[in-house]
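Here's a protein to look through together, one question at a time. Keep the picture open while you read.

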Amino acid sequence: MNMPIERSLNAPATPVGRDLSGMPEAFRRAYGPIEVFPDDLMGEVIREDCPVLAYRGQRRINPRSRSSCRIFAVYPDLETGFPRVYGMDSGIEHGNLVVTLINPRVRKVQEQFGPVKFRKPDGTKGTHYFDLLITYKTGRRVAVAVKPTSRLASGRFLAELEQIRCAVVPDMVDEVRLVTEQCFSRTAAVNAATYLRFSLCPDADADARLEETVAKLDGDLTIADLIILSRTGSRGFRAVYRAIFEQRLGLVSSGSINLHSIVRRPQ
């Protein structure tokens, strides 16, 4: 026997007494009406002081592929601070790049570095391009080969990489490093990529307002509450994100950084 249907479930939804037309439909269904963040800063920040630098890889990346993705992303150039295009052959390469770019010990990165001539294990000649060349502030140069763990099971690439290492160390680089998807977490890569995007457009007004508020903090609070206290509005989340990665704000919670993440004044 079927249970009786609760009539109230089929009743028309009570209309919300405010304008939600600017909110995405899925967000409205999930969270309902919300109050906008208080905002004492007028308008958005647009950076027009420099062009985007071109891709600098030494190997042309075919934008079409059936076996892997192609990523052309704009992130800051470590040497000049200007935006530039980085080209990658896979999502693992992109994740490794972004976690490398936020490393304070790194001075310069060069994607698609080569060509490197070497002898394959069977004696034939081979050519290889490294996915990334990292130059540290100490001057140490590390050539990075990125491969998914599924490609290493046969051992063929590992044997070939050893031959490549013998051809380039120490004349061209100081170290050859193998990176897989197990070398970093997806969350760390997403957080790093988000910071790099936000750092492309500095916002001195929002940063100054946030710094004044952080100096008066006592205890932990969410990023959403910090934006409300600082009255930085829509520019507040980007300012908080930059402050976390630049050590001007302490992050208490782990995982993906969002409005519910817990922060505190740095010790």
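Q: Where is the place of Thr135?
A: Before we start, residues are numbered from 1 along each chain as its sequence is written. This is a predicted model, so local features need pLDDT of at least 70 and side-chain atom pairs count only at pLDDT 80 or more, while totals for chains, interfaces and linings use all residues; side-chain values use heavy atoms, with hydrogens and water left out. Helices (H or I, at least four residues) and strands (E, at least two) are DSSP runs, numbered from the N terminus. Going by those runs, Thr135 sits within residues 125-136, and that stretch is strand β4.

Q: Is Thr135 buried or exposed?
A: The labels go by relative accessible area: under 20% is buried, over 50% is exposed, and in between is partly exposed (1.4 Å probe, protein chains only). Thr135 has a relative accessible area of 5%, so the label is buried.

Q: Which residues does Thr135 touch, not counting those up to four places away in sequence?
A: A contact means heavy atoms within 4.5 Å. Leaving out residues up to four places away in sequence, the ones that Thr135 touches are Val106, Arg107, Lys108, Arg140 and Arg141.

Q: What is the order of the strands in the open sheet of 4 strands?
A: Two strands pair if DSSP finds at least two bridges between them. In general, strands of a sheet pair through backbone hydrogen bonds, either parallel or antiparallel. Here the pairing is mixed, and the order is β3-β4-β5-β6.

Q: Which strands stand at the edges of that sheet?
A: An edge strand here has a single partner strand, so one side of it is left without a neighbour in the sheet. That describes β3 (106-119) and β6 (175-179).

Q: Which residue is the bridge partner of Lys117 in β4?
A: β3 and β4 pair in the antiparallel sense, over 10 bridges. Look across to β4 from Lys117 and the bridge partner is Thr127.

Q: At about what angle to β3 does helix α3 run?
A: Angles run from 0 to 180 degrees between N-to-C directions, and the axes are lines fitted to C-alpha atoms, for helices over the stretch in contact. Helix α3 (residues 156-168) lies across β3, β4, β5 and β6, and its angle to β3 is about 100°.

Q: How many residues lie between β1 and β2 in their hairpin?
A: Strand β1 (residues 71-76) and strand β2 (residues 83-88) pair in the antiparallel sense over 6 bridges. Gly81, in the turn, has a positive phi of about 80°, and the number of residues between the two strands is 6.

Q: How many of the 10 residues of helix α7 are buried?
A: Helix α7 (residues 236-245) is mostly covered. Its covering includes α4 (186-199), α5 (204-215), α6 (223-230), β8 (250-251) and β9 (262-264). Gly236, Ala239, Val240, Tyr241, Arg242, Ala243 and Ile244 are the buried ones, and the count is 7.

Q: How many residues apart in sequence are the parts that the pair of Tyr195 and Phe245 ties together?
A: Rings of Phe, Tyr and Trp (its six-membered ring) pair if their centres lie within 6.5 Å; planes under 30 degrees apart count as stacked, over 60 as edge-to-face and the rest as tilted. The structure holds 7 aromatic pairs, and the one between Tyr195 and Phe245 is stacked, at 4.8 Å centre to centre with 10° between the planes. Tyr195 lies in helix α4 and Phe245 in helix α7, so the separation in sequence is 50 residues.

Q: Why do Phe198 and Phe237 count as an edge-to-face pair?
A: Their ring centres are 6.1 Å apart. The planes stand at 80°, and therefore the pair is edge-to-face.

Q: How many disulfides does the rule give?
A: In general, a disulfide is a covalent bond between the sulfur atoms of two cysteines. The rule here asks for a pair of cysteine sulfur atoms within 2.5 Å. By that rule, the count is 0.

Q: In which helix is confidence lowest?
A: The score is pLDDT, the predictor's confidence in each residue, from 0 to 100. The protein averages 88, and 86% of the residues score at least 70. Strand β5 (residues 141-146) is highest, at 98, while the lowest mean, 63, belongs to residues 25-31, helix α1.
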